[in-house]
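Subject: Structure handover

Hi,

Here is the structure I promised to pass on. Please open it alongside this note. My findings follow below.

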Amino acid sequence: PRPAAAMASGYGDSSAQGRCFPVFQEFKDCYMQNNGRKLACAEFKEDYLECLHHNKEIKRAVDLTNEYNRKVRAGLPVPTTLQEDAASGNLKLPFTNIK
């Protein structure tokens, strides 16, 4: 990968196109078709910003971790982890020969 300083908007680190460029194109097309009315394209803008910054994804991961920790502190049952399932032999992976 190129150093961050060498990267520019519209370029990915392993290809000529950035990972969010197709999402940006959808937003731009909507914006142009709606004569610049941002409210008409709010969902496209939201998708583009999520692609860039992953705010919703990060919030979801934090919320799940907090809920898991809350249940552990309260002594409530929690789902087993993948590591626990693998150690006990209960890990079932579809489309593999692992048993």
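Predicted model: local features only at pLDDT ≥ 70, side-chain atom pairs only at ≥ 80, totals over all residues.

Residues are numbered from 1 along each chain as its sequence is written, and side-chain values use heavy atoms, with hydrogens and water left out.

The overall picture

The protein chain has 4 helices and 0 strands. Helices (H or I, at least four residues) and strands (E, at least two) are DSSP runs, numbered from the N terminus. The order from the N terminus is α-α-α-α. Of the 99 residues, 11% count as buried. The chain exposes about 8400 Å², and carbon and sulfur atoms supply 58% of that. These areas come from the Shrake-Rupley method with a 1.4 Å probe; for residues, only the protein chains shown count as cover. Contact means heavy atoms within 4.5 Å. Among contacts between residues at least 6 apart in sequence, 21% join residues at least 24 apart.

H2 and its ends

H2 has 12 residues, which should span 16 Å at 1.5 Å a residue; its end C-alpha atoms are 16 Å apart, which agrees. The expected span is 1.5 Å times one less than the number of residues. After H2 comes His 54, with a positive phi near 60 degrees.

The Asn 34 side chain reaches the backbone oxygen of Cys 30 at 2.8 Å. Asn 34 also touches Ala 40 and Cys 41, leaving aside residues up to four places away in sequence.

Salt bridges

How many salt bridges does the rule give? The count is 3. The rule asks for a side-chain nitrogen of Lys or Arg within 4 Å of a carboxyl oxygen of Asp or Glu.

- Glu 46 pairs with Lys 56, with the closest N and O atoms 2.1 Å apart. Glu 46 lies in helix H2 and Lys 56 in helix H3, so the pair ties together parts that are 10 residues apart in sequence. Glu 46 is partly exposed at 40% relative accessibility, and Lys 56 is partly exposed at 47%.
- Asp 63 pairs with Lys 59 at 2.6 Å between the closest N and O atoms. They are 4 residues apart in helix H3, about one helical turn. Asp 63 is partly exposed at 36%, whereas Lys 59 is exposed at 52%.
- Arg 70 pairs with Glu 67 at 2.7 Å between the closest N and O atoms. They are 3 residues apart in helix H3, again about one helical turn. Arg 70 is partly exposed at 37%, and Glu 67 is partly exposed at 34%.

Over to you.

Note on methods. Polar contact = N/O pair within 3.5 Å; in protein donor to acceptor, adjacent residues only side chain to side chain. Buried < 20%, exposed > 50% of the residue type's maximum accessible area, 1.4 Å probe, protein only.
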